[in-house]
Amino acid sequence: MSFQTDTIHAGVAPDKAYGAIMTPIYQSSTFVFKDIGKTRGFDYTRSGNPTRKALEDSLAALEGCSCAVAVTTGMAAIATVMHLFAAGDEIVCTDDCYGGTARLLRTFAEHFSLRVHFVNLRDIGVVEAHLNEKIRAIWIETPSNPLLNLVDIAAVTAFAKERGLLSIVDNTFLSPYLQQPFKLGADIVVHSTTKYLNGHSDVVGGAILSNHPDLDEKLKFLVNTLGTCAQPFDCWLVLRGIKTLVPRMKEHERNARIVAEFLDGHPRVRRVFYPGLESHPQHELAKRQQRGFGGMVSFELAGGQAEVERVLRGTRIFALAESLGGVESLIEHPPTMSHASMSSEHRLAAGITDSVIRLSVGIEDPDDLVADLRQALA
């Protein structure tokens, strides 16, 4: 079936007991055994739950892989994956990644002797320069948060496979509809399902996906052992959101393109970060590895801190808030919000200046969104 049909039907079916069209919420901590040593498929919700399984089956179908495990948050997804590695291992990570990702990787480095190299993954030569016998994986975030830089997934995953390294892709910014990393060679994909997959800003969740029996079993074991599993009601909310993923993403992208084009021509804006603009240095790569350009737009103001603060306080539709991917539009300042935990040295080295503003463009009327930004910039 087509991707859009899968968003509505994959992994779910009418309830066998009463024919409910929507997946029931199995809000139960435990399940009665049929007999000693015999279950009906589930025994304890940390180990598995019918509602969670429906979400996991749906996600696996959408990403085109063999296994998905739903966890409590996007950060829980990253933390769980990091337990694949041991003390002394090293990984290479996108330098301009989400601030929370950098914070978590630094925490593992400080407490568990795991070394992390933050490098520009857009340059394979830089990646190769950091390789040694202790490197175990390459962590790819594309598009990056907040600069929307792209990594050539096929090139980096091929590079990793030649050297026996795992390739892990954070696909949160685009969702499986706009990008499918497994088709480009990824070993593991992570999501914050809080974002586009849910799309309604009413739940936090995460997911880890894999496409190899060995990794599948390891990830299932880790989620059960660590207790990072998602809860039934949260899974139900994400399942509900997935049903409208395609029409929402189309609207997000349409609006983002209009907003990006407006900002690109504004005299107070120094630079716009949006792969959908032909001026973006990786526009052709975006067309090659993505189905579309997404709903995230960042821009750098030409003025200083006072002007940044005026714009952040001046919008009426764009709400000043962290997170992204909901139907409502949000505006945020990475250095003081999403990337506040990243050192200023790291931010500046990655190109995240204090004048950068990030927009999560919602599905409101685009004329209203442009008018809101115009009056805030005036």
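User: Which helix does Ser-175 lie in?
Analyst: Keep in mind that this is a predicted model. Ser-175 has a phi near 70°, a positive value in a residue other than glycine, and at 1% relative accessibility Ser-175 counts as buried. Its place is in a helix that runs over residues 175-178, namely α7.

User: Where is Leu-148 found, and is Leu-148 buried or exposed?
Analyst: Leu-148 also has a positive phi, near 55°. Most residues other than glycine have a negative phi. Leu-148 is found in the loop between β4 and α6. Its relative accessible area is 1%, and the cut-off for buried is under 20%, so Leu-148 is buried.

User: What is omega for the peptide bond from Thr-142 to Pro-143?
Analyst: Pro-143 is found in the loop between β4 (135-141) and α6 (153-162). Most peptide bonds are trans. The bond from Thr-142 to Pro-143 is cis, with omega near -10°.

User: Which residue does a cis peptide bond join to Asn-145?
Analyst: Look in the loop between β4 and α6, where Pro-146 is found. Omega is about 10° for this cis bond, and the partner of Asn-145 is Pro-146.

User: Which residues have the most contacts inside the largest nonpolar core?
Analyst: That core has 83 residues, and its largest share, six residues, comes from helix α3 (residues 74-82). A second, separate core has 29 residues, including Leu-263 and Ile-331. Back in the largest core, the residues with the most contacts are Met-82, Ile-138 and Ile-208.

User: Are α3 and α4 roughly parallel or roughly antiparallel?
Analyst: Their axes come within 10 Å and cross at roughly 30°. Angles under 35 degrees count as roughly parallel, and α3 passes α4 in a right-handed crossing. The two helices are therefore roughly parallel.

User: How far apart in space are Asp-234 and Asn-198, C-alpha to C-alpha?
Analyst: Asp-234 sits in helix α9 (residues 232-242) and counts as partly exposed, at 26% relative accessibility. Leaving aside its neighbours within four places in sequence, Asp-234 is in contact with Val-203 and Val-204. Asp-234 and Asn-198 are 36 residues apart in sequence, and their C-alpha to C-alpha distance is 9.6 Å.

Notes
Residues are numbered from 1 along each chain as its sequence is written. This is a predicted model: local features need pLDDT of at least 70, side-chain atom pairs count only at pLDDT 80 or more; totals for chains, interfaces and linings use all residues. Side-chain values use heavy atoms; hydrogens and water are left out. A nonpolar core is a set of buried Ala, Val, Leu, Ile, Met, Phe, Trp, Tyr and Cys residues joined through side-chain atoms within 4.5 Å. Buried means under 20% relative accessible area, exposed over 50%, partly exposed in between (1.4 Å probe, protein chains only). Helices (H or I, at least four residues) and strands (E, at least two) are DSSP runs, numbered from the N terminus. Axes are lines fitted to C-alpha atoms, for helices over the stretch in contact, and angles run from 0 to 180 degrees between N-to-C directions. Angles under 35 degrees count as roughly parallel, over 145 as roughly antiparallel, 65 to 115 as roughly perpendicular and the rest as oblique. A crossing is left-handed if the near helix is turned anticlockwise from the far one by less than a right angle, and right-handed if clockwise. Contact means heavy atoms within 4.5 Å.
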